[in-house]
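The following exercises concern a single protein chain.

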Amino acid sequence: MLKRSINYTNFDGESKSKVFYFNLTKTELIELDGNSEGGLAASLQRIVDSQEGATLIAEFKKIILMAYGERSEDGDRFEKSEAISKAFSQTAAFDELFMELAQNEQKASDFILGLMPAELTSQMQDEINKSRTVPTPVTAAPAVQVTEPGPGFIPPAPVVQQPND
C-alpha cells in the first residue's frame, strides 16, 4: 500500500495537504498483467517508448484510479469502487498527483512500484528492466580528409565575436 501526502489548492483557492492511499492487490495485478500483451511491465514500457501521449495518459489514469481507495480506520479493509475513484478524479489533488507523475518518469515508476505488494516489487522491477531496450551504439563515419578544395568550394565565413551587452 502506498500512503501519499499531496499538497494542492482546492477549488476555493485554499492550500491543503491530505493523505491519500493507493494499492493494487495481487488479484488486480494479475488482471492488469493478463489484459496486457507481454505483461504489464512490457506494456507500460512500450507505451512510454512509443511516445503515444493519449494512450499513455489513458493507461496511467486508469492505473491511478484503479489503485485509489479509502482505508478503514482499523486497517482491515481498503474500499474501492467506481464512485470512490470518480470522486477522487474530480479533485485538485488528483490533478496535482497526475501532473507530477506525468512530468517525471522516475516518480511515475516509483509510484507504480509502490502500488504493489512488497513481495512483487523486485519481480516487477526486474521485468521493467528486461523490457527496456538497450540502444545500439552508433559508430561514427570515418573522417574525410580534404587536401585541396574542389571547384565551387566556398570557404567558411569567419567567426565574429559579438560584444556582451
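**Exercise 1: Strand pairing**

Strands β1 (residues 2–9) and β2 run antiparallel and are joined by 8 bridges. The model is a predicted one, in which local features need pLDDT of at least 70 and side-chain atom pairs count only at pLDDT 80 or more, while totals for chains, interfaces and linings use all residues. Residues are numbered from 1 along each chain as its sequence is written, and side-chain values use heavy atoms, with hydrogens and water left out.

Solution. 
- Step 1. Recall the terms: strands (E, at least two residues) and helices (H or I, at least four) are DSSP runs, numbered from the N terminus. Two strands pair if DSSP finds at least two bridges between them.
- Step 2. Consider the hairpin of β1 and β2: 5 residues lie between the strands, and Gly13 takes a positive phi near 85°.

**Exercise 2: The two faces of a helix**

Task: Identify the buried residues of helix α4 and explain why they are on the same side of α4.

Solution. 
- Step 1. In α4 (residues 82–89), the buried residues are Ile84, Ser85 and Phe88.
- Step 2. These residues are on the same side of α4 because they cover an arc of only 95° around the axis; the arc is that of the directions from the helix axis to the C-beta atoms.
- Step 3. On the face turned away from the buried side are the exposed residues Glu82, Ala83 and Lys86.
- Step 4. The buried residues of α4 pack against β2 (15–22), α3 (53–67), β3 (68–71), β4 (78–79) and α5 (92–102).

**Exercise 3: The surroundings of Glu28**

Task: Determine whether Glu28 is buried or exposed, and name the residue with which its side chain meets in a salt bridge.

Solution. 
- Step 1. Glu28 is found in helix α1 (residues 26–34). Its relative accessible area is 14%, so Glu28 is buried.
- Step 2. Leaving aside neighbours within four places in sequence, Glu28 is in contact (heavy atoms within 4.5 Å) with Asn23, Met66 and Lys80.
- Step 3. A salt bridge requires a side-chain nitrogen of Lys or Arg within 4 Å of a carboxyl oxygen of Asp or Glu. The side chains of Lys80 and Glu28 meet in such a bridge (2.8 Å, N to O). This pair links distant parts of the chain, 52 residues apart: Lys80 is in the loop between β4 and α4, and Glu28 in helix α1.
- Step 4. Lys80 is partly exposed, with a relative accessible area of 25%.

**Exercise 4: Salt bridges**

Task: State how many salt bridges a search of the whole structure finds, and describe the one between Glu100 and Arg4.

Solution. 
- Step 1. The search finds 4 salt bridges.
- Step 2. The side chains of Glu100 and Arg4 meet in one of them (2.5 Å, N to O). Glu100 in helix α5 and Arg4 in strand β1 are 96 residues apart.
- Step 3. Arg4 is buried at 17% relative accessible area, whereas Glu100 is partly exposed at 26%.
- Step 4. Arg4, Glu100 and Lys107 are linked in a network of salt bridges.

Note on methods: Buried means under 20% relative accessible area, exposed over 50%, partly exposed in between (1.4 Å probe, protein chains only).
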